[in-house]
Amino acid sequence: MLKKLFTSLTFEITCAQHVELDRDSWNLKTYNFPWSRLYFVEKGSGIVVHHGKKYHLVPGRMYLIPAHTPVDRQYCPDFMVKYYVHFN
């Protein structure tokens with residue numbers, strides 16, 4: 001059953017990039033995009049807040065933020081280099 005689910009899975013990539021962010025570019029209060037986001041942090045760090053809980057984004061980890069999820073990009077202490085993909 002799981003194999004059937006994955007073989008029938010389709011999605012559309014809205015945007016994919018490799019970016020370096022600083023404190024000013026990673027400070028956006030509550031956004032709620034209509035697409036899912038996948039982040040892979042290469043260097044540096046950042047924090048997002050979802051429903052009052054802080055999530056520390058650290059190098060070597062991948063993060064999935066589902067579509068229509070209200071999130072604050074709250075703080076980037078110095079810089080963060082990440083790959084990201086937005087998709088539906």
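Me: What elements are in the chain, helices and strands?
Reply: The chain has 1 helix and 8 strands. This is a predicted model, so keep that in mind throughout.

Me: In what order do they run from the N terminus?
Reply: The order is α-β-β-β-β-β-β-β-β.

Me: And what does the C-alpha trace span?
Reply: About 45 × 25 × 20 Å along the principal axes.

Me: How many of the residues count as buried?
Reply: 30% of the 88 residues do.

Me: What about contacts between residues at least 6 apart in sequence?
Reply: Of those contacts, 73% join residues at least 24 apart.

Me: How many bridges join strand 3 to strand 6?
Reply: There are 4 bridges. Strand 3 covers residues 36–44, and the two strands run antiparallel. Look at Arg-37 there: Ile-65 in strand 6 stands opposite.

Me: Now strand 4. Is that strand enclosed or open, and what is the reason?
Reply: Strand 4 (residues 46–50) is largely enclosed by the rest of the structure, because 4 of its 5 residues are buried.

Me: Which strand is joined to strand 4?
Reply: Strand 5 (residues 53–57), through 5 bridges. The two run antiparallel.

Me: Is His-51 buried or exposed?
Reply: Exposed, with a relative accessible area of 69%.

Me: Which other residue has a positive phi without being a glycine?
Reply: His-68 has one, of about 60 degrees. His-68 sits in the loop between strand 6 and strand 7 (71–75). His-68 counts as exposed, at 54% relative accessibility.

Me: Switching to the inside. How many residues are in the largest nonpolar core?
Reply: That core has 14 residues. Trp-26, Tyr-39, Leu-57 and Met-80 have the most contacts inside it.

Me: Which strands supply at least two residues each?
Reply: Strand 1, strand 3, strand 6 and strand 8.

Me: Why would nonpolar side chains gather like that?
Reply: In soluble globular proteins, nonpolar side chains tend to be buried together.

Me: What does Met-80 touch, skipping residues up to four places away in sequence?
Reply: Its contacts include Val-19, Leu-21, Trp-26, Val-41 and Leu-57. Also among them are Lys-43 and Gly-44.

Me: Tell me about Val-19. Where is it found, and is it buried or exposed?
Reply: Val-19 is in strand 1. Val-19 is buried, at 17% relative accessible area.

Me: What does Val-19 touch, leaving out residues up to four places away in sequence?
Reply: Met-80, Val-81, Lys-82 and Tyr-84.

Me: How far apart are Val-19 and Val-41?
Reply: They are 22 residues apart in sequence. In space, the C-alpha to C-alpha distance is 9.8 Å.

Me: Last topic, rings. How many aromatic pairs are there in the whole structure?
Reply: A search finds 2 aromatic pairs. In Phe-11 and Phe-87, the ring centres are 5.8 Å apart and the planes are at 65 degrees, so this pair is edge-to-face.

Me: Which parts of the chain does that pair link?
Reply: Distant parts, 76 residues apart. Phe-11 is in the loop between helix 1 (2–7) and strand 1 (13–22). Phe-87 is in strand 8 (residues 79–87). Phe-11 counts as exposed, at 54% relative accessibility.

Me: And what form does the pair of Phe-33 and Trp-35 take?
Reply: Stacked. The distance is 4.8 Å centre to centre, with 10 degrees between the planes. Phe-33 is partly exposed, at 25% relative accessible area.

Me: Which residue lies over the face of Tyr-39?
Reply: Lys-82, at 3.4 Å from the ring centre.

Terms used
Residues numbered from 1 in each chain as written. Predicted model: local features only at pLDDT ≥ 70, side-chain atom pairs only at ≥ 80, totals over all residues. Heavy atoms only, no water. Phe/Tyr/Trp six-rings, centres within 6.5 Å; stacked < 30°, edge-to-face > 60°. Buried < 20%, exposed > 50% of the residue type's maximum accessible area, 1.4 Å probe, protein only. Lys NZ or Arg CZ within 6 Å of the ring centre and 35° of its normal. Pairing = 2+ DSSP bridges. Core = buried A, V, L, I, M, F, W, Y, C linked by side-chain atoms within 4.5 Å. Contact = heavy atoms within 4.5 Å.
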